[in-house]
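Welcome, and thanks for taking a look at this one with us. Below is a short tour of a few residues and helix pairs, grouped by topic.

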Amino acid sequence: MTSPKQRVDDWLASFESALRARDVRAAADLFAPDGFWRDLVAFTWNITTVEGPDGVADLLAATLDEADPSGFEVTEEPTESGGVVEAWIRFETATGRGTGHLRLKPEGAWTLLTTLRELKGFEESQGGRRPQGVEHTLAKGRLTWAERRAAERQDQPYVVVIGGGQGGIALGARLRQLGVPSVVIDKNERPGDQWRQRYKSLCLHDPVWYDHLPYLPFPANWPVFSPKDKIGDWLEMYTRVMEVPYWSSSTVRSATYDAAAGKWTVTVERDGDTIELRPTQLVFATGMSGKPNYPAFPGQDVFRGEQQHSSQHPGPEAYRGKRVVVVGSNNSAFDICGALWEHDADVTMVQRSSTHIVKSSTLMDVGLGDLYSERAVAAGVTTDKADMIFASLPYRIMHEFQIPLYEEMASRDADFYARLEKAGFRHDWGSDGSGLFMKYLRRGSGYYIDVGAAELVADGRVKLAQGQVSHLTADGVVLEDGTELPADLVVYATGYGSMNGWVADLVDQPTADRIGKVWGLGSDTPKDPGPWEGEQRNMWKPTQQENLWFHGGNLHQSRHYSLYLALQLKARYEGLPTPVYRLAESHHRG
């Protein structure tokens with residue numbers, strides 16, 4: 001009987017032989033009829049997935065000569081389960097070195113992941129290549145470390161990153177390590193203020209193992225769930241330690257692109273001065289959610305109380321004894337309702353559409369425990385390996401892996417869901433039962449990770465109202481069915497728009513329309529219109545606007561995908577050829 005390693009070795013040898021002979025059809029026929037190849041920059045200078053042998057053939061016909069791949073080999077002992085062999089691999093291309101993951105079924109490759117990890121000749125200065133830090137030869141005019149850093153700040157950047165939250169900071173650190181002149185620009189006074197300014201009770205809902213930043217993981221005593229002020233301080237420290245070029249208290253007012261010159265003009269207000277930067281590349285790292293959705297309801301101008309979007313909510317202290325209506329029923333809505341209840345406000349949640357809820361402890365154990373947990377670390381699953389396992393599952397079939405997990409969660413917490421539904425809360429498991437993570441990938445909304453506030457709704461301590469808002473009166477909110485909700489404060493936990501809204505504001509509407517909607521998979525499920533994209537729309541890869549990019553997502557995505565975006569920018573900075581396979585099309589304006 002052939003061992004798993006021998007099967008993998010044989011497949012890799014056949015694959016490489018076909019690639020070397022430029023026999024595209026032979027290479028494609030090594031894939032199962034339902035096979036997938038997901039490539040992160042290594043072959044395609046894009047983030048893309050192809051399906052079936054014909055898709056593989058199309059990818060190779062367009063990229064093989066330029067990529068010139070070789071050296072495919074396993075990096076650790078393959079494993080087998082349920083007739084599927086899994087293997088970790090490495091390989092080289094003409095310009096770089098990569099790693100990947102392979103799943104083999106009897107009929108051929110089921111999934112292949114290839115990722116570019118470094119560029120030949122432009123490797124990062126770490127490990128054995130770390131900088132010396134000092135010159136041990138005395139010379140007149142020798143610059144100190146601080147003087148060299150000050151001189152760097154006076155240079156025109158090749159990349160301007162708009163937005164200095166975790167996404168911008170992670171990308172800034174990657175670009176710094178790769179030697180790409182860049183600057184991260186943020187309107188706040190200090191790095192991390194994006195978190196410090198949120199409502200007082202906010203904590204990350206993702207566990208610490210999921211949230212590490214590049215290069216510098218959280219220490220072993222870091223709490224499982226990071227309080228907002230603690231994560232804000234970490235981001236500020238990280239920015240300094242990683243020497244991220246960072247302009248705080250700076251506001252980008254406009255950006256225009258000169259196609260003939262291949263450069264942007266970015267106008268920035270900083271310390272009372274107006275500065276013009278002329279970068280080649282412009283990255284919007286303004287958060288995957290885009291601009292706050294502040295709804296327009298009749299009567300908002302006559303309401304005598306306070307109104308605020310959830311992103312503006314300062315915290316519960318000022319609202320003790322007040323009547324508060326929170327419009328929305330997702331993460332921010334629940335967090336705000338819970339904190340207000342703790343401070344003795346009279347709170348009503350308005351649920352306008354069904355929401356998926358999963359208990360935090362259950363999600364950590366069932367949903368993330370095998371990849372991002374202390375037990376995963378003990379089993380040898382590093383953060384990088386966990387990221388690669390996640391990346392190895394094509395989005396087309398990811399829901400098939402998620403559905404059983406959420407079925408187990410539903411069974412484990414059946415009493416909790418029964419009590420929620422008895423209270424009148426409309427709950428769902430996603431359009432196909434695949435739960436939270438697919439909702440996040442498809443639409444970025446529609447869920448709550450319960451850290452206690454759902455219990456308040458289940459037992460009536462936070463009141464629940466159902467329906468759409470009709471209008472506001474001088475002292476309350478009226479729903480379409482005529483229900484009147486008295487209010488001293490209305491919080492609109494109504495989410496955020498597409499990231500290309502920032503492009504419309506800072507560049508122009510035609511550019512935003514040309515790029516189209518940002519985020520989503522094209523799954524044709526609620527709030528994720530088709531056609532099928534196969535990857536996150538316009539994220540971390542070239543867009544229909546030359547030299548304009550989007551970066552963001554949660555801390556996991558900011559960490560993982562910042563590498564591939566940084567490598568794409570580095571290659572262009574060094575003048576390497578970067579022919580893009582299957583540039584994403586634009587199907588939606590907003």
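Leu-485 counts as buried, at 10% relative accessibility (buried means under 20% relative accessible area, exposed over 50% and partly exposed in between, with a 1.4 Å probe and protein chains only). Please keep in mind that this is a predicted model, where local features need pLDDT of at least 70, side-chain atom pairs count only at pLDDT 80 or more, and totals for chains, interfaces and linings use all residues. Residues are numbered from 1 along each chain as its sequence is written, and side-chain values use heavy atoms, with hydrogens and water left out.

**Residues in strands**

- Leu-485 lies in strand β23, residues 484-486 (strands are DSSP runs of E with at least two residues, helices are runs of H or I with at least four, and both are numbered from the N terminus).
- Beyond its neighbours within four places in sequence, Leu-485 is in contact with Val-325, Thr-348, Val-350, Ala-465, Asp-475, Gly-476, Val-477 and Leu-479 (contact means heavy atoms within 4.5 Å).
- Strand β1 (residues 31-40) holds Ala-32, which is buried with a relative accessible area of 0%.
- Ala-32 and Trp-110 are 78 residues apart in sequence, yet their C-alpha atoms are 5.7 Å apart in space.
- With neighbours within four places in sequence left aside, the contacts of Ala-32 are Gly-52, Pro-53, Lys-105, Glu-107, Gly-108 and Ala-109.

- Apart from neighbours within four places in sequence, Asp-428 touches Ser-354, Thr-355, His-356, Ile-357 and Lys-439.
- Arg-559 belongs to helix α18 (residues 555-573) and is buried, with a relative accessible area of 5%.
- Among the contacts of Arg-559 outside four places in sequence are Arg-174, Tyr-210, Asp-211, Tyr-372 and Asp-387.

**Helix pairs**

- Helix α9 (residues 360-367) packs against helix α12 (residues 395-412) at an angle of about 140°, with axes 10 Å apart (axes are lines fitted to C-alpha atoms, for helices over the stretch in contact, and angles run from 0 to 180 degrees between N-to-C directions).
- That angle makes α9 oblique to α12 (under 35 degrees counts as roughly parallel, over 145 as roughly antiparallel, 65 to 115 as roughly perpendicular and the rest as oblique).
- The contact is made by Thr-362, Leu-363, Asp-365, Val-366 and Gly-367 of α9 with Leu-405, Tyr-406, Glu-408, Met-409 and Arg-412 of α12.
- Helix α5 (residues 166-178) and helix α7 (residues 228-241) have axes that come within 10 Å and cross at roughly 20°, so α5 is roughly parallel to α7.
- In this second pair, Gln-166, Ile-169 and Ala-173 of α5 meet Leu-235, Tyr-238 and Thr-239 of α7.
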